[in-house]
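Hi,

Here is the structure I promised to pass on. Have a look at it first, and then read my notes below.

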Amino acid sequence: MKLIIAIIQPHRLEQVKEELYKAEVNLITVNEVLGHGRQKGVTEVYRGFKETGNLLRKVRLEIAVNDNFVEPTIKAIIKGAQTGEMGDGKIFVVPMEECIRIRTAEKGSLAIG
Amino acid sequence: MRKMLIPMMLILLTGGTAFCETVSPMSGMAPVVATPSPKIDTGDTSWVLISSALVMLMTPGLAFFYGGLVRRKNVLGVLMQCLIILAVMSLQWVIFGYSLAFGPGKGFWGGLQWFMLHGVGLEPYPGYSSTIPHQAFMIFQAMFAVITPALIIGAFAERMKFSAFLIFTLLWATFVYDPLAHWVWGIDGWLRNLGALDFAGGTVVHINAGIAALVTALVIGKRTCYDKYPTPPHNLPFSVLGAALLWFGWFGFNAGSALSANGLAANAFVVTNTAAAAAALSWALLDWRFNGNPTMLGTISGAVAGLVAITPAAGFVGVGGAIIIGLLVGLFCFISVGFLKHKLGYDDSLDAFGVHGIGGIWGAMATGLFATKSVNAAGADGLFFGNPRQLWIQFIAVATTIVYAFIVTWIIYKVVDKVIGVRVVEKDEAIGLDLTQHNERAYTMLE
């Protein structure tokens, strides 16, 4: 079991969701986050005062999957989120020790799907 | 070919008679109805000035009404479009717009005699009102010229380029709003002479902007996401605030159109409030019956629809007529927004056509049904008071407005699209107009 964490551009969220549904990955948690990549990002101007290098708005997805779903999930996220420009984001895959469904107390693979 | 369309259509519309004098805008002042010695009335003047301020507040009100309905990445885009219209149209109006719309002259426009308000002074101009300063009338009308193009914003919200929007607005105000205002309200305007009843701007403001909204929605096309997922309002409380400000400002819009602090103004005030209430309630009940719950969005949409519908009728109908106009406009707009739009498949993002177009058409026709001389002796009786001809006259005014607004808006929008493009690129649409058009965002996440 793996936990896939993806940081993506906010405006790509709908496409990523679409691709994930196509890959039959239906259970996701979505967060709005602020972060800093290597890119300077969009520069904002307030009454002529320029601000650069501020924290950028991103969306973070958390998806718990069984091992055979890891590759399809990664592919789906890339397909939905990739624009080819700086700031497209990252995907982290981390091992997951346990997964428990609260309603039934089921554990492991059973609880993920 | 396109250049030919406007004059050709005008000739068709008017049977070739009303525009014989089109080419002589500089001919002398039109004969003015003899009014007993024009003298400024302080009560009338203060009411019209206050009303002007009330109508001014409607544009920021509309900005919040629309702003709450868009996604949060576009809220500044909408607010900015409304507020910049307040700036652009205020200038257009005092420089040449007022002259084109209200200047004396029987033609297509009023001409340019009143360029830079030359000759528009502090004394009354009896052709429009003999008890208030001419400039008070002018500034009252300026606020109408501001809000009308702002109404159209609802149709192309979330995808129009700001530069194209500015150019379109200026052209539209000059070539669509100003001539129509001249025909309906100007001295010797041909629709006014025909006897069409439009108390506060059902045709000039609402049908006109509503049809322009339909055209722009058709030409610019759907938002990219339109068929894929819904775009829920990002801040409904804003929309409620905006609708409340619209309702408040509408008292100036309608009751102020009496141009006097008198009984007629009181009648307009009462029926305006009544129709808004009836329509808000009817939409809420329809929501309840057909969608399961009475919704906040439905209720405020109903209120605005009611205000739209009573606008042409406010000085001609009583409370009974106002209730029926309000209840039915709730139904008509509910159908047009909830069913018709999806059936026809155009993306009028915030229902500018569905509410202002449909509501305006119903209001103008309803004026021909419910108008009565017992409310306003200077008006006319409608169908239900024994004068079926009035309904026909109303129909001519409505049809003229629809045809003219449709064709000319279409031409202007297409030309702007050809020259600089009306639509933002897909990526900008995805990122949102706030950042891509204005380099600002409405909400921060930290602090």
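**Helix packing in chain B**

Keep in mind that this is a predicted model. Let's begin with helix 2 (residues 42-69) of chain B and helix 3 (residues 75-102) of chain B: they pack with their axes 9 Å apart, at an angle of about 165 degrees. Angles over 145 degrees count as roughly antiparallel, so that is what helix 2 of chain B is to helix 3 of chain B. The crossing of helix 2 of chain B past helix 3 of chain B is right-handed.

Which residues make the contact? From helix 2 of chain B they are B:T59, B:P60, B:L62, B:A63, B:Y66 and B:G67. Helix 3 of chain B brings B:V75, B:V78, B:L79, B:C82, B:L83, B:I85 and B:L86. Sorted by type, the residues of this contact between helix 2 and helix 3 of chain B come out as 11 nonpolar, 2 polar and no charged.

Further along, there's another pair to click on: helix 8 (residues 236-255) of chain B and helix 9 (residues 263-291) of chain B. Their axes come within 9 Å and cross at roughly 140 degrees. That angle makes helix 8 of chain B oblique to helix 9 of chain B. Helix 8 of chain B also passes helix 9 of chain B in a right-handed crossing. On the helix 8 side you'll find B:W247, B:W250, B:F251, B:N254 and B:A255, and they meet B:A265, B:A268, B:F269, B:T272 and B:A276 of helix 9 of chain B. The tally for the contact of helix 8 with helix 9 of chain B is 8 nonpolar, 2 polar and no charged.

**Strands in chain A**

Over in chain A, strand 1 (residues 2-8) pairs with strand 5 (residues 56-65) in the antiparallel sense, over 7 bridges. If you want a pair to check, A:K2 has A:V65 in strand 5 of chain A as its bridge partner. Strand 1 of chain A also runs antiparallel to strand 6 (residues 89-95) of chain A, and 7 bridges join them. There, A:I7 is bridged to A:K90 in strand 6 of chain A.

**Where the chains meet**

How many residues does each chain put into the contact between A and B? Chain A gives 9 residues and chain B gives 11 residues. On the side of chain A that touches chain B, the elements giving two or more residues are strand 2 (29-35) and strand 3 (44-46) of chain A. That side of chain A divides into 3 nonpolar, 2 polar and 4 charged residues.

Cheers

Conventions
Residues numbered from 1 in each chain as written. Chains lettered and ligands numbered in written order. Predicted model: local features only at pLDDT ≥ 70, side-chain atom pairs only at ≥ 80, totals over all residues. Axes fitted to C-alpha atoms, helices over the stretch in contact; angles between N-to-C directions. Helix = DSSP H or I, 4+ residues; strand = E, 2+ residues; numbered from the N terminus. Parallel < 35°, antiparallel > 145°, perpendicular 65-115°, else oblique. Left-handed = near helix turned anticlockwise from the far one by under 90°. Contact = placed C-beta atoms within 7 Å. Nonpolar A, V, L, I, M, F, W, Y, C, P; charged D, E, K, R; others polar. Pairing = 2+ DSSP bridges.
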